[in-house]
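Trainee: I am new to this structure. Can we go through it step by step?

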4 protein chains.
Amino acid sequence: MKKVAIVGGTGYTGVELLRLLARHPEVEVCAITSRSEAGRQVSDIYPSLRGEFDLAFTEPTNEILGQADLVFFATPNGVAMKQTRELVDAGVKVIDLAADFRFDDVDEWSKWYGMDHACADLMVEAVYGLPEVNKQAVQAARLVANPGCYPTAVQIGLLPLIEQNLIDTQNIIADCKSGVSGAGRGAAVGSLMCEAADSFKAYAVAGHRHLPEIKERLSVCAGESVGLTFVPHLTPMIRGIHATMYAKLQGPIDMNELQAAYEARYADHPFVDVMPLGSHPETRSVRGSNICRVALHQPQGGDTLVILSAIDNLVKGAAGQAVHNMNLMLGLEEKAGLEIMPLSP
Amino acid sequence: MKKVAIVGGTGYTGVELLRLLARHPEVEVCAITSRSEAGRQVSDIYPSLRGEFDLAFTEPTNEILGQADLVFFATPNGVAMKQTRELVDAGVKVIDLAADFRFDDVDEWSKWYGMDHACADLMVEAVYGLPEVNKQAVQAARLVANPGCYPTAVQIGLLPLIEQNLIDTQNIIADCKSGVSGAGRGAAVGSLMCEAADSFKAYAVAGHRHLPEIKERLSVCAGESVGLTFVPHLTPMIRGIHATMYAKLQGPIDMNELQAAYEARYADHPFVDVMPLGSHPETRSVRGSNICRVALHQPQGGDTLVILSAIDNLVKGAAGQAVHNMNLMLGLEEKAGLEIMPLSP
Amino acid sequence: MKKVAIVGGTGYTGVELLRLLARHPEVEVCAITSRSEAGRQVSDIYPSLRGEFDLAFTEPTNEILGQADLVFFATPNGVAMKQTRELVDAGVKVIDLAADFRFDDVDEWSKWYGMDHACADLMVEAVYGLPEVNKQAVQAARLVANPGCYPTAVQIGLLPLIEQNLIDTQNIIADCKSGVSGAGRGAAVGSLMCEAADSFKAYAVAGHRHLPEIKERLSVCAGESVGLTFVPHLTPMIRGIHATMYAKLQGPIDMNELQAAYEARYADHPFVDVMPLGSHPETRSVRGSNICRVALHQPQGGDTLVILSAIDNLVKGAAGQAVHNMNLMLGLEEKAGLEIMPLSP
Amino acid sequence: MKKVAIVGGTGYTGVELLRLLARHPEVEVCAITSRSEAGRQVSDIYPSLRGEFDLAFTEPTNEILGQADLVFFATPNGVAMKQTRELVDAGVKVIDLAADFRFDDVDEWSKWYGMDHACADLMVEAVYGLPEVNKQAVQAARLVANPGCYPTAVQIGLLPLIEQNLIDTQNIIADCKSGVSGAGRGAAVGSLMCEAADSFKAYAVAGHRHLPEIKERLSVCAGESVGLTFVPHLTPMIRGIHATMYAKLQGPIDMNELQAAYEARYADHPFVDVMPLGSHPETRSVRGSNICRVALHQPQGGDTLVILSAIDNLVKGAAGQAVHNMNLMLGLEEKAGLEIMPLSP
């Protein structure tokens, strides 16, 4: 059994890691840390975990974390970068579920995240952990930046089009809708049930931190800077991201061929499901699972493609993708611990 | 007191008309019809109306309807067109909340609604009841086609841009999200709480009936055929439509001037609220009210405008707009009965 | 026009007072206070109020409040008691929506609320503002304690039974369910959408602060100390309280007579709706309105009565009842400003 | 691998059986039937099952069902009783998830279910499949009646008290709250999102079909007829049942001893979690899992006990309990296929 530790275990990505790892056949959680809850049993805070873990929260010391084969940082932005250098040097592999290592461009990162980076060299070394793009690099990595939730849904939806140079990359639109868990477990007025339920709104239209992440990654793929309009929305549900993407075709296209190309592109990627042409993926069809479902549309046969992509933001958009990356980094079976059926209804 | 009748009173638009008319100072409901519920008291089916109406459902005979000054059809598509001729000829004004009279092009209507039209000449006569466009024509009309919910939200968001020739009208995108009440009160599996709650999906991407309605109206405004990609989504809430629209600018723009232009465009329209530049309207901020809130964005100062528009689909998107049209047609104060505060939270 | 002021305007009861008073024909809001938001426009925080109030939050000084005919305290427990003495002495009437003046027994109050009372004499003077019991006293009062939400629903359901000595008062059970807005607008983890939605739980079974309030009031009515088991639950909705009450009959009963007795008891109380025998009131049937709907059941003709009672916790359970009390205290029409139709669906 | 078939696969219990059986290590689904959907692939109707089953719906012929080791009836009441005799005679074991075999008293059954019973002798033979009571009998059974959802939650909460003769069995109250999935996947107006969301109500107070089931089972346990008031409520969530039970103590009690007695009672039952004294189980803490969480309270140290019990109505209240019974009947490991983590949030 491999040993893993979780830093920052009281947020939704932390508890979701515990849910997934509780049934992982080859990994055990040797430590979970939380400064605020140190000393308390995990199951006191999360009754859904009762009987699963005999584990109390501890302080995030390097001594404790150093005993693990791999450490997950399920912490706010800016935390992992302060502790990663020491762990990596000690031979402990690291996956950061926050944004500290997601960018190639350190200055861009500092601009969007409003702080200096504590270990810019590691940012360069870090592998962007979207297995559908970087599986081999992740297998060899000692530090992986787990992608953002919106970037995961958007990239999986658009990659085949960009890789095959089929669309105008200067005018991509990603209209994205997220459940409230994307805002985390922090006690914020905007995340209250009475503020977020039975209502719908856009937010951060002027510029969301996932915009530069998506742009950078799509630009790497395109070999040129892409033009992207990204509008995130808050939708009154707990889990789920639905991305509706609009792209201008470069020329005529056979949709059956495009469908086949998508299926081929993701044939070796067990967590992407290319649905039949013209399908409408529902977020509940991936609830609790690590699957991304994608569907293609060409409304009225026109020159605008509509690509739909649905994930569970806490699984494929966070903890599940992190476990996937962990499996790759530790040489385990790719799907280990992730063969969880979606919960529907 | 003017007398009005409602045909098809058991759906959501019917009961919403009752809610609004219960407090209308100059109108009384003289009849409400439902074949399936004939004989039952309104308040037996709708306990929220207890004590408000001493009114039983009746059969929709012309004798009963002929006593009204104005008749609302809150019926499925294809019903109003069969009864309107006789009413109009008898001097009774008619507002159809369904789609029977929304199009100018009868053939297009037949194509999308899958039936022949029973009175094509009246379709030509009918005024499209979006008061923000056709206020004077509505005042003079004897037959008004109440606009669809999506078309209302989208047109109010886009009209100033098209009227002033500011955007590329061949590449408009309207990504729209509706609450479940838009699907009506029919017992359909897809509208069950267990199917629609805590999930999000697109639907009818291949072509929704509101697409030709929006295109026709925007084309009238533009003086040329517009190009529109329209994707509706189902969002897990009861009421509300949020439209996120993307438009390419024809050239450089001063957003403060555009904001001023929007405010001027809607200055005489009491139910449109142009929010401050960069706002994010929430559907709950219009819940239960006849208001449409609009906000403008130019993300990163680029050439793509984002326009946000929020309405309550049952009010401004249906029954409230119908009462607004009724006020205009009967020569009443424009806002009579519609000064209802939004219910938030 | 009478002038009223609101202290503590940023919580749900504060904004709900604004919603109701915006349409009140004889009252205007002259001031609303909030230390944290002083200087900001009301509509900046509550977009649903845009265009309704040209009012900025101020500091809660006695100078400002002293200009009002009546002041509402929509503040946390323990705030009103510090400022009420001065206002009342200056001739300003006061309604506290919190618990500072709800008890007769000051020691009991201190025990449950964990603080000393700042003006115990005023607590004795204060009238408990349940108009269905104390209408005349409220009309004469200068200080009214607005009842708690659960106590309102429970008392209206049980009063006729106790007044007529029909039930065993030592074994009453009140199983109550509240929407999340009952927890207020404070940023607490337990009120987050992701914690409270799509789940159901009991809370505070060991003893909720509304238990002594209900017991004291029912005991006053019974003329002896009653025995009550009160279990509150959190239900995943925004507004609404549903109380299910179980009472043992003292002897045989004719349910039609009991029904008639309930109807007679509340005949002069416009905000209580005694539904037909055997009805099931839904909270949505009172959403946004000041109505309490009550229904009686005698399952299988046995000796246990089941009484159902539904209110909107923010209206009849808080702000609406406060406006009702205000109307009585200021000599206005009892229903002024409160003839709001429920919003359903 | 054992083979099982599912009759009536398009309802929520049917698809939930598929979810659970998809990961069962020792069982494969050899057939699933639906008259209305015969010929369609399972995953066409349930996208959440895509990639899991290569299985089309078939007609429910005895030829097909006879190939299975065990058949689940996930059908409406009155269906299983018509087909069970032939299957059982052919050596196929049967679990009925509906009510056809839940009663001992055939006349009582006919009274509540409004039809004659097609095989009264099998009703007598059938074992009531609550493993916490009848584990050994289930192991030996060829026909098991899977308990109702409410009866499961209520019995697990009350059994230890009744078995140890601690409470007044003539005055038990069970105030129960269910998510909407309990009403099934039938297209009924009352189950629509717009009818059931954001609202709360009691229903069937006069008498719900689970009342006689609970009474009969508790009476068997008590050795005398018990007196029960049972009030079910509809709560706006998808899954979950929360039972709040009130029982009068026969005499003084030590709550720590009672707690220990509950823990001992359920020590050998892996799907019952007796939470620490004074806990408040949330339905989400068992969402998607087969666990029943129970907690004990003695409010204010009085003579009324409050017992809280939470299950997922589709799992422990239906499909999960059926799989548990299947494991027992087929001699498999008791927990096989049921070690599913709750999905929270």
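Trainee: How many degrees of rotation superpose chain D on chain C?
Mentor: This is a predicted model. The superposition of chain D on chain C has an RMSD of 0.0 Å, with 0.0 Å of shift along the axis. The two copies are thus related as by a two-fold rotation axis. The rotation is 180 degrees.

Trainee: Which residue of chain D has the C-alpha nearest that axis?
Mentor: The C-alpha in question lies 3.1 Å from the axis. It belongs to D:Pro236.

Trainee: What share of the contact residues of chain D recur in chain C?
Mentor: The same surface serves both copies. The share that recurs is 100%.

Trainee: How many residues of chain D are in contact with chain C?
Mentor: Several elements of chain D give two or more residues to this side, among them strand S8 (172-178), helix H9 (193-196) and strand S14 (304-311). By class, the side has 17 nonpolar, 13 polar and seven charged residues. Chain C brings 37 residues to the contact, and chain D brings 37.

Trainee: What about chain A: how many residues of chain D are in contact with it?
Mentor: A rotation of 180 degrees with 0.0 Å of shift superposes chain D on chain A, at an RMSD of 0.0 Å. Of the interface residues of chain D, 100% are also interface residues in chain A, so the copies meet through the same surface. Chain A gives 21 residues, and chain D gives 21.

Trainee: By class, how many charged residues does the side of chain D that touches chain A have?
Mentor: That side has eight nonpolar and six polar residues. Its charged residues number seven.

Trainee: Chain A is divided into domain 1 and domain 2. How many Å separate their centres?
Mentor: Domain 1 covers 2-125 and domain 2 covers 150-314. Taken over C-alpha atoms, the centres of the two domains of chain A are separated by 27 Å.

Trainee: Which helices of chain A each supply at least two residues of the side of domain 1 that touches domain 2?
Mentor: The contact takes 13 residues from domain 1 of chain A and eight from domain 2 of chain A. The domain 1 side has five nonpolar, three polar and five charged residues. The helices are H1 (12-21) and H5 (106-113) of chain A.

Trainee: Is A:Glu163 buried, exposed or partly exposed?
Mentor: A:Glu163 sits in helix H8 (residues 149-163) of chain A. Buried needs 20 or more C-beta neighbours within 10 Å, and exposed needs 12 or fewer. A:Glu163 has 14 inside 10 Å, so it counts as partly exposed.

Trainee: How far apart in space are A:Glu163 and A:Gly223?
Mentor: In sequence, A:Glu163 and A:Gly223 are 60 residues apart. C-alpha to C-alpha, the distance is 9.2 Å.

Trainee: Within what arc do the buried residues of helix H7 of chain B fall?
Mentor: The buried residues of H7 (residues 131-140) are B:Pro131, B:Val133 and B:Val138. They line one face of the helix, because seen down the axis of H7(B) they fall within an arc of 125 degrees.

Trainee: Which exposed residues does the face of H7(B) turned away from the buried side carry?
Mentor: The buried residues of H7(B) pack against elements of chain B including strand S7 (143-145) and helix H12 (315-329). The face turned away from that buried side carries B:Gln136 and B:Ala140.

Trainee: Which residues touch the most other members of the largest nonpolar core?
Mentor: This core has 469 residues. In chain B, the partners of B:Val71 include B:Val4, B:Leu65 and B:Val94, not counting residues up to four places away in sequence. The residues asked for are A:Val71, B:Val71, C:Val71 and D:Val71.

Terms used. Residues are numbered from 1 along each chain as its sequence is written. Chains are lettered from A and ligands numbered from 1 in the order in which they are written. This is a predicted model: local features need pLDDT of at least 70, side-chain atom pairs count only at pLDDT 80 or more; totals for chains, interfaces and linings use all residues. Two residues are in contact if their C-beta atoms, placed from the backbone, lie within 7 Å. Helices (H or I, at least four residues) and strands (E, at least two) are DSSP runs, numbered from the N terminus. Ala, Val, Leu, Ile, Met, Phe, Trp, Tyr, Cys and Pro count as nonpolar, Asp, Glu, Lys and Arg as charged, and the others, Gly among them, as polar. Copies are superposed by least squares on the C-alpha atoms of residues with pLDDT of at least 70 in both. A nonpolar core is a set of buried Ala, Val, Leu, Ile, Met, Phe, Trp, Tyr and Cys residues joined through C-beta atoms within 7 Å. Domain bounds come from an automatic or database domain assignment. The arc is that of the directions from the helix axis to the C-beta atoms.
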